[in-house]
Amino acid sequence: MVVSEIKALLEKNNIRAENNYALSKVSSFRIGGNAVLAIFPKSEAELLFAATNLKNKNIRYEIVGNGSNILFGDGDLDIAIIFTSEMS
């Protein structure tokens with residue numbers, strides 16, 4: 001599966017990534033389904049690396065801050081979410 005390949009590549013480069021990430025964990029409203037992949041880069045270079053690899057594998061993604069003020073849809077979302085909340 002392409003998502004597991006991306007996750008392994010990210011982790012090999014010390015970028016935290018989680019499969020089937022419950023978006024209700026980060027939403028202030030405690031609602032939302034699961035993102036196929038959640039990525040937590042710590043730098044601009046890691047963000048660019050993640051986004052480039054997702055794009056190259058045709059995986060749809062969105063870049064958000066910490067996600068607290070976003071209303072995520074219910075159910076499983078076939079999308080990767082890149083959270084910038086851990087960036088310095």
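**Notes on the predicted model**

1. The model is predicted. Of the contacts in the protein chain with a separation of 6 or more, 55% are between residues 24 or more positions apart.

2. Elements. The protein chain holds 2 helices and 4 strands. Read from the N terminus, their order is α-β-β-α-β-β.

3. Overall dimensions. The radius of gyration of the protein chain is 12 Å, which agrees with the value near 12 Å for a compact globule of 88 residues. The C-alpha trace spans about 30 × 30 × 15 Å along its principal axes.

4. Burial and surface. Of the 88 residues in the protein chain, 41% are buried. The accessible surface amounts to about 5100 Å², and carbon and sulfur atoms contribute 50% of that.

5. The protein chain carries 9 positive and 10 negative charges.

6. Backbone at N14. Most residues other than glycine have a negative phi. N14 has a positive value, with phi near 60 degrees. The residue is located in the loop between helix 1 (2-12) and strand 1 (16-22). Its relative accessible area is 63%, so N14 counts as exposed, the cut-off being over 50%.

7. Salt bridge E5 to K57. The structure has 4 salt bridges. In one of them the side chains of E5 and K57 meet, with an N to O distance of 3.6 Å. E5 belongs to helix 1, while K57 is in the loop between helix 2 (44-56) and strand 3 (61-64), so the pair ties together parts 52 residues apart in sequence. The cut-off for a salt bridge is 4 Å. Both partners are partly exposed: E5 has 44% relative accessibility, and K57 has a relative accessible area of 40%.

8. Salt bridge K7 to E11. The closest N and O atoms of this pair are 2.6 Å apart. Both residues are in helix 1, where 4 residues of spacing separate K7 and E11 by about one helical turn. E11, at 38%, counts as partly exposed.

9. Salt bridge R16 to E86. The closest N and O atoms of R16 and E86 are 2.7 Å apart. R16 lies in strand 1 and E86 in the segment after strand 4 (76-83), so this pair ties together parts 70 residues apart in sequence. R16 is partly exposed at 33% relative accessibility, and E86 is partly exposed at 30%. Salt bridges that share partners join R16, E18 and E86 into one network.

Conventions. Residues are numbered from 1 along each chain as its sequence is written. This is a predicted model: local features need pLDDT of at least 70, side-chain atom pairs count only at pLDDT 80 or more; totals for chains, interfaces and linings use all residues. Side-chain values use heavy atoms; hydrogens and water are left out. The radius of gyration is taken over C-alpha atoms; the globule rule is 2.2 Å times the number of residues to the power 0.38. Buried means under 20% relative accessible area, exposed over 50%, partly exposed in between (1.4 Å probe, protein chains only). Contact means heavy atoms within 4.5 Å. Accessible areas come from the Shrake-Rupley method with a 1.4 Å probe; for residues, only the protein chains shown count as cover. Lys and Arg count as positive and Asp and Glu as negative; His and the chain ends are not counted. The place of a charge is taken as NZ of Lys, CZ of Arg, CG of Asp or CD of Glu.
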